[in-house]
Amino acid sequence: QVHVVESGGGLVQPGGSLTLSCTASGSIFSIDAMGWYRQAPGKRREFLARISRSQRRTYADSTKGRFIISRDNGKNTVDLQITSLNPEDTARYYCNAVIPSEGDREVWGQGTLVTVSS
């Protein structure tokens, strides 16, 4: 079994920065890619970034250089650094892990809430 838990959300002022963390546990060696998504109120879940075990990164066009994903395989963590936050970034941010040996099954965390407001 694989589990992922997000942390690092909270209230941030516009223009600020935030780093979200995702920690995987369980059968971590079965995980290849890990990614970050977000879902704002009333909107669909949106892909933000993904990073493979080999450190290959993929970003959504919408991130516009404000998002940086990083991974520490030794610590089983994937971080998402977000800069120049604005109210439109308010959302619940989710981490997922992809397990190739199980047909690319995705394991999701419960999410961490980010609120951007003055």
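Predicted model: local features only at pLDDT ≥ 70, side-chain atom pairs only at ≥ 80, totals over all residues.
Residues are numbered from 1 along each chain as its sequence is written, and side-chain values use heavy atoms, with hydrogens and water left out.

**The chain as a whole**

The chain has zero helices and 11 strands. Helices (H or I, at least four residues) and strands (E, at least two) are DSSP runs, numbered from the N terminus. The radius of gyration is 14 Å, close to the 13 Å that the globule rule gives for 118 residues, so the chain is as compact as a globular protein of that length. That radius is taken over C-alpha atoms, and the globule rule is 2.2 Å times the number of residues to the power 0.38. The C-alpha atoms fill a box of roughly 45 × 25 × 25 Å along the principal axes.

Buried residues make up 41% of the 118 residues. Buried means under 20% relative accessible area, exposed over 50%, and partly exposed in between (1.4 Å probe, protein chains only). Of the contacts with a separation of 6 or more, 52% join residues 24 or more positions apart. A contact means heavy atoms within 4.5 Å.

**The disulfide**

The whole structure holds one disulfide, a pair of cysteine sulfur atoms within 2.5 Å. Cysteine 22 is joined to cysteine 95, with an S to S distance of 2.0 Å. Cysteine 22 lies in strand β3 and cysteine 95 in strand β9, so the pair ties together parts that are 73 residues apart in sequence. The torsion about the S-S bond is about -75°, so the disulfide is left-handed. Both cysteine 22 and cysteine 95 are buried.

**Valine 12**

Valine 12 is buried too, with a relative accessible area of 10%. Beyond its neighbours within four places in sequence, valine 12 contacts Ser17, Leu18, Leu85, Thr115, Val116 and Ser117. Its C-alpha atom is separated by 7.4 Å from that of valine 114, 102 residues apart along the chain.

| Residue | Strand | Strand residues |
|---|---|---|
| Valine 12 | β2 | residues 10–12 |
| Cysteine 22 | β3 | residues 18–26 |
| Cysteine 95 | β9 | residues 91–99 |
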